[in-house]
Amino acid sequence: MDTITIVIPFSPYPYNKSSGKNIYGDEYSTGKYINEYFSVSIKNNLVAIGCDIYAYIKDLDNSSRRQDNIVSGCASFCDSGGAKGSLLYDSSNASYSASSTYCTGNHGCCLSAFSRMPRILFASIQTMNTEKTSWTSSNCTYLLVVEKGIAESEFTQLLGKCKKDDYYNVGQAVNWVIGNVSCDKATRTPKYACGKNSRCVDDTTRPTEGYRCNCSPGYQGNPYLPNGCQDIKECASQQGKHSYPNDARCINTPGSFLCDPNDVKLMLTIQLFLDVVAAVTFVILIAVCLWLCKRLQKREEKKAKQKFFKRNGGLLLRQRIPFSEESSGGSLLKLFFKEELEKATDNFNESRILGKGGASTVYKGMLSDGSILAVKKSNKMDEDQIEQFINEILILSQINHRYIVKFLQSF
C-alpha cells in the first residue's frame, strides 16, 4: 500500500472566553512530519471542531517557490445559543450528526480536503468575531487531520468537550518510503527491497528521496518478500472469464493470459481447409512429376535421335547436300522422321512390301498429301558402308528420268 493508517492522539485547544485567544497558542504542528520515512498523506481531510473558528494548514517548504502555500482550510460556525443550542450538541439528532455531509461549517464542524501534500506542515486554529459571537459560549476547539472515509459521527461529538489532557484518538493516513535514495540508485545496492516480479516506484512528494515497491502488472502479493508477487490466475478469476468469448479457451501465461479458440466448427473448417490444400498440393506434385518425366523422356529421345542420326551418316549427308543442289539444278533433299515413314507404310506392314533384297526391303507408302512413294529400309546396319550409302543417295537424287523412280527424300 502507498499509505498506512496510524492512530494519532489529538488534544483540544481551549481559548480564553474573554479575549478569544488560544491558551496554548495557535500553532498545531510544525517541522518535518513525522520523520524522514513518514509524512502526512493527501488522503486525509482537515477537520475543525468549534464555534466561530477558522483553521488552515499551509506548507512552509519554500524550495519549490510555490505561492499557494495554503493547502487546506475551512471555517466553522454555530447556531445562536452556542454549543448547547446547536444541532451538533443535540443527542436527539445523532443520526443527522453521522451524515457524511454534516460538517459543512454550519453546525460547529467543517471539513476540507488537501489540495496537495505539504512537505513542511504548519497548522493553526483561531477564533473570529461574528455577529452572534457564539464562541463566547464554548471555549473548546479541535483541529484534526483525519483519514478520508472515517464517519463524521466519530468526531462530531467533540464539540463542547474540553478538559485538560483530554485526548481524542483518530486514524490518520501516512505516506511511507524506503530509504532516502531513488529507484535508480536503490536497484544497484544490496539492500534493494523489491522482490521478484515487482517494480520500484519513486516517491516525488517528499523533500528527501525514497521509494516503494509495487507488484508488476499481472502479479499480486507482497512485493517486499523475495517471492511475494505471484502470478494472477486470470483464467480462474472473473477478470479472465469476462475477457474472452464463450467459444474460446483461456490459457494462463506469466503476468497475463491468452484466448485460444475452441469452436468445433472452426476446427473442422480449418481441418477441411488443410486437407484440401494437402490434396491439391499432392495433385500438383504428381502433375509436375509426370511433366518432368515426360520432358526428360523427350529429351532422351531427342538425344537418341541425334545419336542415331549422326551414326547413320546424317551429318555427312547434310554436308554434301549443297553440292547436290548445285549439280541437280536446285532440287532439294528433304529428310523424313522415322514416325512419318512408319505412318506412311502403316508401320512397315508386310502387306506394303513391294520387294526384298539381300540388304533391304522396299515398302509402298503414301504421304499425308496423297503422294505415293516407295520406302527402302535396310535390314542391317553396316557403319563401314555409310559413306558409300550417302554417295548413292546423292547420285540417285540427281537422276531425273521417266523410267526411273524419282528420288524424293531419304532418312
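The legends below describe close-up views of a predicted model.

**View 1. Overview of the chain.** The chain has 411 residues, of which 33% count as buried. Its secondary structure comprises 7 helices and 21 strands. The accessible surface is about 26,000 Å², with 54% of that area belonging to carbon and sulfur atoms. Among contacts with a separation of 6 or more, 62% are between residues 24 or more positions apart.

**View 2. The open sheet E6-E5-E8.** Three strands make up this open sheet, in the order E6-E5-E8, with antiparallel pairing. Strands E6 (70–76) and E8 (121–127) are at the edges and have a single partner strand each, so one side of each lacks a neighbour in the sheet. From one strand to the next, the twist averages 10 degrees. Strand E5 (residues 53–59) and strand E8 are antiparallel and joined by 7 bridges. Alanine 55 has isoleucine 125 of E8 as its bridge partner.

**View 3. Surroundings of tyrosine 56.** Tyrosine 56 belongs to strand E5. Leaving aside residues up to four places away in sequence, tyrosine 56 touches Leu46, Ile70, Ser72, Gly73, Phe122, Ala123 and Ser124. Isoleucine 70 lies 14 residues from tyrosine 56 along the chain, and their C-alpha atoms are 7.2 Å apart.

View 4. Leu272, Val276, Val280, Ile284, Val288, Trp291 and Leu292 make a nonpolar surface patch of about 640 Å². Valine 280 is part of helix H4 (residues 264–311). With a relative accessibility of 43%, valine 280 counts as partly exposed.

**View 5. Salt bridges with buried residues.** The whole structure contains 5 salt bridges. One of them links the side chains of aspartate 203 and arginine 212, with an N to O distance of 3.1 Å. Aspartate 203 is buried at 9% relative accessible area, and arginine 212 is also buried, at 11% relative accessibility. Aspartate 231 forms a salt bridge with lysine 233, where the closest N and O atoms are 3.9 Å apart. Aspartate 231 has a relative accessible area of 17% and is therefore buried, the cut-off being under 20%.

View 6. Lysine 338 and glutamate 342 form a salt bridge in which the closest N and O atoms are 3.7 Å apart. The two residues are separated by about one helical turn because they are 4 residues apart in helix H6 (residues 338–344). Lysine 338 is partly exposed, at 48% relative accessible area. Glutamate 342 is partly exposed as well, with a value of 22%.

Key. Residues numbered from 1 in each chain as written. Predicted model: local features only at pLDDT ≥ 70, side-chain atom pairs only at ≥ 80, totals over all residues. Heavy atoms only, no water. Pairing = 2+ DSSP bridges. Axes fitted to C-alpha atoms, helices over the stretch in contact; angles between N-to-C directions. Patch = residues over 30% accessible without salt bridge, like charges linked within 9 Å, V, L, I, M, F, W, Y side chains within 5 Å. Areas by Shrake-Rupley, 256 points an atom, 1.4 Å probe, with all protein chains shown as cover. Salt bridge = Lys/Arg side-chain N within 4 Å of Asp/Glu carboxyl O. Buried < 20%, exposed > 50% of the residue type's maximum accessible area, 1.4 Å probe, protein only. Contact = heavy atoms within 4.5 Å.
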